[in-house]
Amino acid sequence: MSVFDIRAAFEYARECVAAEQAALRYGIELNRGHRARCPFHDGKDFNLSFHGGGYRCFVCGVSGDSVGFTRLLFGYQKPIEALKRLNNDFGLGLDLEAGKPEAEHHTTLKQIKQIRRNAAERDLPEAVRRILWEYSLDLDWVQRNLAPKTPEDEPADVWVYALQNLSYAEYILDSFDNMTPENKLIFAIKKKEMITEYENVSRLIDGLRRRKNAA
Ligand SMILES: [Zn+2]
């Protein structure tokens with residue numbers, strides 16, 4: 001399974017399993033208003049709300065999708081562990097063991113040598129690492145700071161985007177860190193479009209943060 005199939009796997013899990021279903025499955029008690037006592041700040045009141053497949057706590061600010069919920073609940077280090085858990089517990093039928101994310105490329109050794117001769121591209125992996133890292137941090141900031149203030153509020157588009165992309169972003173960052181230098185370079189070149197998208201999203205979130213801090 002390639003990196004992009006993994007992205008589809010995260011999406012599939014989110015579509016199949018709402019955060020509320022995961023909560024129920026893992027023993028969280030819900031009231032009739034689809035609310036629960038938040039296990040993340042050990043809340044006494046029903047401040048954890050489930051809506052639109054996601055969850056958010058109006059006291060401690062955690063929010064996310066079913067993968068994020070499962071990850072936090074079980075204290076998993078990596079989003080992929082939460083994905084595997086949901087895959088097993090909900091019988092999603094995803095084949096997550098089939099391949100290594102960095103293994104799928106067809107760049108020849110000769111091409112790599114050519115790339116390496118170019119000084120600008122030698123610095124690419126480091127630059128890409130920074131973009132992936134900032135993108136994850138930015139989405140995390142959005143999840144914590146731009147969640148709707150009350151359950152009745154319409155969620156902001158950027159918050160929904162963060163909800164849909166944070167687990168995958170963290171997965172990609174972790175995968176990237178575990179790639180060989182050659183594969184990092186190949187990733188940087190082949191995923192140029194995705195990396196540019198991440199850069200643009202980070203820039204947008206940076207603007208939101210500045211505006212929020214100034215307010
Ligand atoms: Zn909470």
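Biologist: Which residue in β4 stands opposite arginine 56?

Modeller: Serine 63 in β4 stands opposite arginine 56. Keep in mind that this is a predicted model.

Biologist: How many bridges join β3 to β4, and which way do the strands run?

Modeller: Two bridges join β3 to strand β4 (residues 63-64), and the pair runs antiparallel. The two strands form a hairpin with five residues between them. Glycine 61, in that turn, has a positive phi of about 90°.

Biologist: What joins β3 to β2?

Modeller: Four bridges, with strand β2 (residues 48-51) and β3 antiparallel. Serine 49 has arginine 56 as its bridge partner in β3. This hairpin has two residues between the strands, and glycine 52 takes a positive phi near 55°.

Biologist: Which way do the residues of β3 point, and are they buried or exposed?

Modeller: Gly54 and Arg56 point one way from strand β3 (residues 54-57). Tyr55 and Cys57 point the other way. All are buried.

Biologist: Now the helices. What describes two packed helices?

Modeller: The angle between their axes and the distance between the axes. Here, helix α7 (residues 124-145) and helix α9 (residues 181-190) have axes that come within 9 Å and cross at roughly 70°. Angles of 65 to 115 degrees count as roughly perpendicular, so α7 and α9 are roughly perpendicular to each other. The crossing of α7 past α9 is left-handed.

Biologist: Which residues meet there?

Modeller: From α7, Leu124, Pro125 and Val128. From α9, Pro181, Lys184, Leu185 and Ala188. The residues of this contact divide into six nonpolar, no polar and one charged.

Technical notes. Residues numbered from 1 in each chain as written. Predicted model: local features only at pLDDT ≥ 70, side-chain atom pairs only at ≥ 80, totals over all residues. Axes fitted to C-alpha atoms, helices over the stretch in contact; angles between N-to-C directions. Parallel < 35°, antiparallel > 145°, perpendicular 65-115°, else oblique. Left-handed = near helix turned anticlockwise from the far one by under 90°. Contact = placed C-beta atoms within 7 Å. Nonpolar A, V, L, I, M, F, W, Y, C, P; charged D, E, K, R; others polar. Buried ≥ 20, exposed ≤ 12 C-beta atoms within 10 Å, placed from the backbone. Pairing = 2+ DSSP bridges.
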